[in-house]
4 protein chains.
Amino acid sequence: MKIHKPVYYGDYLQLPKILNAQAPESAKHGNAAHDETLFIIIHQTYELWFKQILHELNSVREIMSKAFIPSTDLSVINSRLERVTTIQQILVDQIQIMETMTTLDFMEFRDFLVPASGFQSLQFRLVEATLGIKPQHRMEIEKQFFNSRLKEEDRKILAETENKISIFELLEAWLSRMPFSEFDGFDFWGAYSHAVDTMLEMDFEIISNNPSLFEPMKSMELKNLEMTKQTFATLLDAHKYETLIQPGKIKLSQKAMLSAVFIYLYRDYPALQMPFKILNSLVEVDEKFTTWRYRHAIMVQRILGTKIGTGGSSGHEYLKSTTERNRAFLDLFNLATFLIPKSMIPALPVYIKDQLDIVYDSFQP
Amino acid sequence: MKIHKPVYYGDYLQLPKILNAQAPESAKHGNAAHDETLFIIIHQTYELWFKQILHELNSVREIMSKAFIPSTDLSVINSRLERVTTIQQILVDQIQIMETMTTLDFMEFRDFLVPASGFQSLQFRLVEATLGIKPQHRMEIEKQFFNSRLKEEDRKILAETENKISIFELLEAWLSRMPFSEFDGFDFWGAYSHAVDTMLEMDFEIISNNPSLFEPMKSMELKNLEMTKQTFATLLDAHKYETLIQPGKIKLSQKAMLSAVFIYLYRDYPALQMPFKILNSLVEVDEKFTTWRYRHAIMVQRILGTKIGTGGSSGHEYLKSTTERNRAFLDLFNLATFLIPKSMIPALPVYIKDQLDIVYDSFQP
Amino acid sequence: MKIHKPVYYGDYLQLPKILNAQAPESAKHGNAAHDETLFIIIHQTYELWFKQILHELNSVREIMSKAFIPSTDLSVINSRLERVTTIQQILVDQIQIMETMTTLDFMEFRDFLVPASGFQSLQFRLVEATLGIKPQHRMEIEKQFFNSRLKEEDRKILAETENKISIFELLEAWLSRMPFSEFDGFDFWGAYSHAVDTMLEMDFEIISNNPSLFEPMKSMELKNLEMTKQTFATLLDAHKYETLIQPGKIKLSQKAMLSAVFIYLYRDYPALQMPFKILNSLVEVDEKFTTWRYRHAIMVQRILGTKIGTGGSSGHEYLKSTTERNRAFLDLFNLATFLIPKSMIPALPVYIKDQLDIVYDSFQP
Amino acid sequence: MKIHKPVYYGDYLQLPKILNAQAPESAKHGNAAHDETLFIIIHQTYELWFKQILHELNSVREIMSKAFIPSTDLSVINSRLERVTTIQQILVDQIQIMETMTTLDFMEFRDFLVPASGFQSLQFRLVEATLGIKPQHRMEIEKQFFNSRLKEEDRKILAETENKISIFELLEAWLSRMPFSEFDGFDFWGAYSHAVDTMLEMDFEIISNNPSLFEPMKSMELKNLEMTKQTFATLLDAHKYETLIQPGKIKLSQKAMLSAVFIYLYRDYPALQMPFKILNSLVEVDEKFTTWRYRHAIMVQRILGTKIGTGGSSGHEYLKSTTERNRAFLDLFNLATFLIPKSMIPALPVYIKDQLDIVYDSFQP
């Protein structure tokens, strides 16, 4: 490496551009509102962080697109996903800064911004699409909210990303390639089924004998248990499983789901530690966006009540409705249903264990 | 003051009691589960904080019970409420500690705890009752969840607190005593109405002319605006207002609500700074509990899926449903609807201003 | 207001500028380092927040520059300072994002950035100067670190701000204008002195009789107490006070300091609630920057060890040394020394109380 | 499992004990200070969390005491350490609750508590001892502060723990057992040395040619670089290394340190992912306690100024001095010095790589 031209902090960060990109609309209308600067700057930091999140997710997508993911890349994938969740925590916490703005002050410039709206954030929709949210996963009302608002050119960029393979799809493919849905000479899923049955019988006893559970609660709980039983049955029956895929109640294929369950159960084996961490990080990414949407909806309602926002509509009801939606990895989040107590997990035959382990021969005496 | 007997840290904090109060059930059944200690200790810290919150709320209730609240007590009230919200932030953040427990590890001791449940936290219900949640505000399902589970003696303690005057009721009385619902020789509420009309007309223009708002969204928004108009009309019409009180859509009396709106609008005057901060802190107390319930529900679902918890029921759906409920000060949270841009707030006559101000004669040159 | 041209989110926020301002140096040298993007973006968000902090501080300076600060402006000043501390909390928390970058990854592009350095952040130095840090307050080593690194044009901008009146100076003037250093017909400071003496005598008893305090600790503590006594004596003696001002051990004038002590003691009176909150917020601003510098120094050491950073020097020792420095309001932070137990605070005569109070005649029955 | 006796929430958590363990001293002296309850309760939560931390650390110590640590236990160790750091974050954040207490209110009951002091927390000292802080690592002043204050029985318990093997010692033994200090047929440390030399030469060029680095800074930096060079030389020379061990400048043995460096460099290999995470978590545990001590010292100074605390001494100077001390894993924190850019890390021969990898034969097509 040769010595290069000296770099100056402000030039390197292109601060003349960055710090001259705040032009309050209220000032243009002759009446600068003090708080509009905050409104602009906080949104700009959000967009910068979205760019960083896209940078990480795109690199994860690229690595996962390899026909064979090298084992040393798994920790790279996980580190980058953990960076995303660290950023998301700041996105959530930043809402406290926005909450220092009062209704009275926001109303001073709201009208000048119509119909600009956070729904027009192209980058946020690219993040969703990269994770795995496709147009068919969106509610009708959401499509209306969104699509008419994006500029033609932005709609095109979004469509391109939606047409690319998503991290969800790559994850599914990776999980499906794993050899955990059946084993030669060992009926793992039979043993697992047996453990599940034992657990559910125990649950039945617990509900039935609970002295503080009266009707109609008790019947409700027994019905609930019956449904949990059905859910387990579905997991292991390819045909029944298909009936959940069709209407979109579940997105992950059966084979991928079985691998995920296996990884969750045997996560302590060296071979599964990093795969488990990756699954867990993806659930975390989803969950953090959910928390962000929720906190955001509450903040909007607190500042606006039932008033319209800059987008010209009173979005608070809609905002709350999306809290639970647009989660690419909801199936993994719900996977807890399929887990059983540690002590009931079937013991693995030595030849499988060996494959999941690392023989630290020379590392230990 | 005389010199007292030396105090020893461990005795002062009664640590022998505190640190010997963890008896895992799993150990009693011959199979100590490592994570049960965490489960016990985190709940004990929650209960200690609830005790502290009750200590603060009870003192606030006591001060507000005076026939005349001295002006120097207002900042005491507010400091104590701000302490409550600071504690609540930790209650929310602590959920991250609980989330370090996995489904597999929780299932190891869950069965031993049935039917104990967080719904049996007497202190949490005392907090709600002290703030203003009375039995009639609870959903039918919630009463079933709760009441059968509390011990007879705990039910009695709860009933006593529910029968006492709550902070909500004291706040309402205090706001009602204020002289803001009408002024001699100044039609404030007429001037306010006029400003509201101007604002709503502007909103009508904005929605009508919004180029990116298509049908059926536009009609929805116009209907929404019509409702906001009705809400404003209700505020100023005693008869209409009563129609909201009856079915419980609103809890605060009209007179109290008008005072609250006045305080929000003129909060910068010295006389209203502390009253505003108190209203704001109460909204914050409500909001933080809401966030806590939400994060808690998500955490339970992530650990349990659709499985039953220690209470013997799968509470996640119910937990989510309460997120928006049990807010004593919801009317204040929704008050943003009644606010208008700072520049449209009616100017006050000098004789009113003077009463709201402090004449710092001798403090300034 | 007329209906204006529709505003588009991306145009309003000038996203084409903001999101195209990341040009990693490593890429220019033919070897794009994945993590350099994070390095650029996190610094850009820091600079955006510094701009926002300057926006708030400049407005506070402007309001405080009025010959007479209107009472309704005090809560505006305080809200803006509280916004600054809310932003600062995010500045501290963001360090966690930087910590997701490993030494190995940082070393991949560090060399390309030499000699750019955070010490070249003009805006951060403007923040310090606006608060009250003048060149004479900086250590010799700090000046060397800084001045040679700033571009000529940036040095000029900084000098301009350093020559303007700072918030510290405006605060001092405001406190000095207050009528608390002496009262007609009431020897407040005599009464206060008396209370202090009583307290210090009690402290002497406590140290002398402490059964778990052995030599040489006991002598140390008694010497310490003697010094605290001197400090109190200094506060009330104009001549002695001057001896602290000269060498820069204290910056606030005696008259301003007495007002600050008075405000801290009687903060619950309506007239002093907002002044107290302003003092407190300024201490908080200082403290949060101190915490930020500390966390930043630890982060640098964790990533670099004793290696040189992008500025071409191993700044960690220096960074740690500044932790306690550059605090414009250190005198207020240390003011706790002059406070006494609530129950020992002298009662005020009615005519003074009345001036500090608000007569809510018509607000209460 | 048989159905057991129903468990009641309040009994399970032993709430009658926990919630009746707050006896303010001020009340005993006839003058209950409102804020003393907070003082008691916050310290009780701290002690509960210390108990939880000890529970985790003791289990980690137990696992690491095995002659051979099973690979599946590594993720258990790491999960428990990560739980500790999650708890520590709350310990830091909780300081905000303490900061809601003002000097005036604290002074109301401070005197009654003398000479109780946080230095008397037995559990905190057990945490330090379990991590690896032995009496010989403490400063003279610290020993004086501590030892005379602990009760005889508490001193005995502490001594017992100090005599047990610590996590630091177990870590050192584990790292020393690893086969990374030399390899048959591959001069890894020679290759590493070569990379280091190249890097340091580059650093020399950078400092020498830095246009914004003037004297005396430049000479200082070159001296600094020389020292870094010496440090590297020391790492690879058993004799020189010993000269650092003797005076306690470094605690980790050379063999253990080499293994740690190797793990940091090749952390992405499956065999080293979990070992790396464990090292990293231990650094994090240290760092979080350091941050806690620092925030605690600042908080004490803000509340007390130079006044004495409940322990009867003005601890703030001492508190600040310990910020950097009592770190069991300081050597790991400083390890960044020995790291080099990712691209300069020597490539490993296939037979070593294979040992560090997992052959996912059957998992991939």
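Biologist: What covers the buried residues of α12(A)?

Modeller: This is a predicted model, to be clear from the start. The cover includes α13 (217–235) of chain A. It also includes α6 (103–113) of chain B.

Biologist: Which residues of α12(A) are buried?

Modeller: Tyr192(A), Val196(A), Asp203(A), Ile206(A) and Ile207(A).

Biologist: Where do they sit around the axis?

Modeller: On the same side of α12(A), because they cover an arc of only 90° around the axis.

Biologist: What span should α12 of chain A have, and how far apart are its end C-alpha atoms?

Modeller: The helix runs over residues 188–209, which is 22 residues. At 1.5 Å a residue, the span should be 32 Å. The end C-alpha atoms are 32 Å apart, so the two agree.

Biologist: Let's zoom out. How many helices and strands are in chain A?

Modeller: Chain A has 19 helices and zero strands. Its C-alpha atoms fill a box of roughly 80 × 70 × 40 Å along the principal axes.

Biologist: How many residues does chain A have, and what share is buried?

Modeller: There are 365 residues in chain A, and 47% count as buried.

Biologist: New topic. How many residues does each side bring to the contact of chain C and chain A?

Modeller: Chain C brings 51 residues, and chain A brings 51 residues.

Biologist: Which helix of chain C gives the most?

Modeller: That is α4(C), with 13 residues on the side that touches chain A. By class, this side of chain C has 24 nonpolar, 18 polar and nine charged residues.

Biologist: What rotation superposes chain C on chain A?

Modeller: A rotation of 180°, with 0.0 Å of shift along its axis. The RMSD is 0.0 Å. That is the relation of a two-fold axis.

Biologist: Why say the copies meet through the same surface?

Modeller: Because 100% of the interface residues of chain C are also interface residues in chain A.

Biologist: And how many residues are in contact between chain D and chain C?

Modeller: 47 residues of chain D touch 47 residues of chain C. Helices that each supply at least two residues on the chain D side are α7 (103–113), α12 (188–209), α13 (217–236) and α16 (270–304). That side divides into 21 nonpolar, 16 polar and 10 charged residues.

Biologist: Now the backbone. Which residues of chain C does a cis peptide bond join?

Modeller: Val114(C) and Pro115(C), with omega about 0°. Pro115(C) lies in the loop between α7 and α8 (122–131) of chain C. In chain D, the bond from Val114(D) to Pro115(D) is cis too, with omega near 0°.

Biologist: What is phi of Gln14(C)?

Modeller: Near 55°, a positive value in a residue other than glycine. Gln14(C) is in the loop between α1 and α2 of chain C.

Biologist: Why does Gln14(C) count as partly exposed?

Modeller: Because Gln14(C) has 18 C-beta neighbours inside 10 Å. Buried needs 20 or more, and exposed needs 12 or fewer.

Methods
Residues numbered from 1 in each chain as written. Chains lettered and ligands numbered in written order. Predicted model: local features only at pLDDT ≥ 70, side-chain atom pairs only at ≥ 80, totals over all residues. Contact = placed C-beta atoms within 7 Å. Helix = DSSP H or I, 4+ residues; strand = E, 2+ residues; numbered from the N terminus. Nonpolar A, V, L, I, M, F, W, Y, C, P; charged D, E, K, R; others polar. Expected span 1.5 Å × (residues − 1). Arc of directions from axis to C-beta. Least-squares fit on C-alpha atoms with pLDDT ≥ 70 in both.
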